[in-house]
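Hi,

Here is the structure I promised you.

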Amino acid sequence: MTTVIGLAATGVAVARVLARRGERVTVLDSKERAALDPAILSELEGLGVSVLTGESLLPEETTLVIPSPGVPESAAPLAEARARNLPVWSEIELGYRIARAPIAAITGTNGKTTTTAMLGAICRAAGREAFVCGNIAEDDGIRTPLIEAADRAPETAILVAEISSFQLAQTERFRPKAAAWLNLTPDHLDRYPDLETYASDKAKILQSQTEDDVAVLNSADPIVVRLAEGVGQGRRVWLDGDSPPQRNLKTPGKHNLANAEAAAQLARALGIDDTSIERGLTDFAGVAHRMEHVGTLTGVSFINNSMCTNPAAVSASLEACTGGIVAICGGKHKGGDLSEMARALANRARLVLLIGEAADALAEALMKQGFTQFQVERTLEYAVSEAIACARPGETVILVPGCASFDQFASFEARGQRFRELVREAGSKL
């Protein structure tokens with residue numbers, strides 16, 4: 001019997017797919033039953049899934065444990081599974097084992113969502129059926145877990161998957177036909193004890209590849225170079241992240257040129273021709289909440305970059321802007337040094353407006369850089385109002401949080417949507 005831990009989207013998908021395949025499934029969730037979606041409960045129980053809520057132990061009949069990506073290693077059911085020597089797989093491990101279609105998997109601290117979406121566009125331009133899945137979300141925040149896509153995709157399709165370190169942590173045989181490791185910078189240090197552990201999980205995207213597979217790697221990232229050495233047997237394609245080729249892209253920024261080259265190399269590994277690659281990249285319009293232009297008010301451009309959830313992504317985002325910048329930053333800090341983010345803001349922004357739990361820490365980091373043109377606004381509403389009042393024609397107001405959203409919003413998508421609403425509400429009053 002398989003026991004799934006966590007009744008979020010991934011856990012629901014695992015339980016649904018396994019139950020439809022005739023497997024016995026139990027789901028554990030720490031929430032009480034009244035706090036769970038009754039429609040989901042009804043659907044799963046209608047499929048024969050047993051749902052146990054509150055502080056539940058693993059059923060005695062459990063032979064396999066699959067935790068949702070958000071379940072911490074310290075969770076009691078996982079500790080019990082280890083004590084009983086039960087196999088613990090991530091959802092992507094199971095998805096790989098049932099997949100008929102080849103998998104192209106993309107990981108990295110930054111750029112993986114855009115690269116995944118670019119590869120999906122290239123596949124469609126080539127007339128290939130692409131299931132874009134994994135950690136990537138549509139505009140409304142809905143994700144298609146790999147296992148769900150793998151269950152549906154025929155062998156002639158391509159599974160294009162954004163993969164996080166949390167998903168890679170509990171893999172054994174997960175083997176993408178084409179894999180990309182784009183970069184590695186500090187992130188999720190509220191979950192990982194150190195950068196090395198985080199990086200080691202990322203490297204697992206390569207571990208089961210054979211000489212028939214391709215690994216697209218960033219030669220300009222010393223951590224990727226060091227930790228990729230000797231991991232798996234995939235044929236290496238090394239990209240120079242500092243000197244990406246020029247392409248006719250609608251998405252701004254040097255970092256998107258690098259993302260495009262990674263997507264192109266993955267596509268070649270899947271047998272897609274260069275003409276389709278160029279067409280797919282040229283037509284690619286971008287990703288919601290990632291350098292998304294949401295309006296122009298009195299000569300000021302407003303950019304929604306809510307997907308920027310770690311400090312290292314701030315610099316590339318600011319470099320993609322022209323002219324003066326009013327930056328809105330902050331949220332829930334995920335750990336690590338803020339000095340790089342503060343330095344990028346001090347170098348590129350005329351004014352920084354700080355929100356969320358991290359506002360005070362960011363203010364301190366900015367002052368250490370000798371930068372004093374910042375204001376602590378606390379909420380996004382106050383920050384947008386102040387940005388509209390202070391920005392000058394020809395400047396850009398950019399939401400570039402560098403932090404998670406979970407102090408004030410349910411997701412980065414919800415944060416970005418609220419930014420859009422505030423800009424549009426302001427525009428309607430002009």
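This is a predicted model: local features need pLDDT of at least 70, side-chain atom pairs count only at pLDDT 80 or more; totals for chains, interfaces and linings use all residues.

Now for the rings. The count of aromatic pairs is three. Y96 and F174 make an edge-to-face pair, with 6.2 Å from centre to centre and 80° between the planes. That pair ties together distant parts of the chain: Y96 belongs to helix α4 (residues 91–98), while F174 is in the loop between α7 (165–168) and β8 (178–181), 78 residues apart. Elsewhere, ring pairs join F166, Y192 and Y198 into a cluster.

F166 turns up again with a charge: R191 lies over the face of its ring, 3.9 Å from the ring centre. There is also R97, whose charged end sits over the ring of W89 at 3.8 Å from the centre.

The largest pocket holds about 1200 Å³ of space. It is lined by 45 residues, and N135, R143, H188, F406 and F412 are the closest to its centre. Two or more lining residues come from each of α1 (9–20), α5 (112–125), α7 and α16 (412–428). By type, the lining splits into 15 nonpolar, 19 polar and 11 charged residues.

Cheers

Technical notes: Residues are numbered from 1 along each chain as its sequence is written. Side-chain values use heavy atoms; hydrogens and water are left out. Rings of Phe, Tyr and Trp (its six-membered ring) pair if their centres lie within 6.5 Å; planes under 30 degrees apart count as stacked, over 60 as edge-to-face and the rest as tilted. Helices (H or I, at least four residues) and strands (E, at least two) are DSSP runs, numbered from the N terminus. A charge sits over a ring if NZ of Lys or CZ of Arg is within 6 Å of the ring centre and within 35 degrees of the ring normal. On a 1 Å grid over the protein atoms alone, a cavity is a set of points where a 1.4 Å probe fits but cannot get out, and a pocket is an open set with protein on both sides within 12 Å along at least five of seven lines; lining residues have an atom within 4 Å of a point. Grid points are joined across faces, edges and corners, and a volume is the space filled by probe spheres set on the points. Ala, Val, Leu, Ile, Met, Phe, Trp, Tyr, Cys and Pro count as nonpolar, Asp, Glu, Lys and Arg as charged, and the others, Gly among them, as polar.
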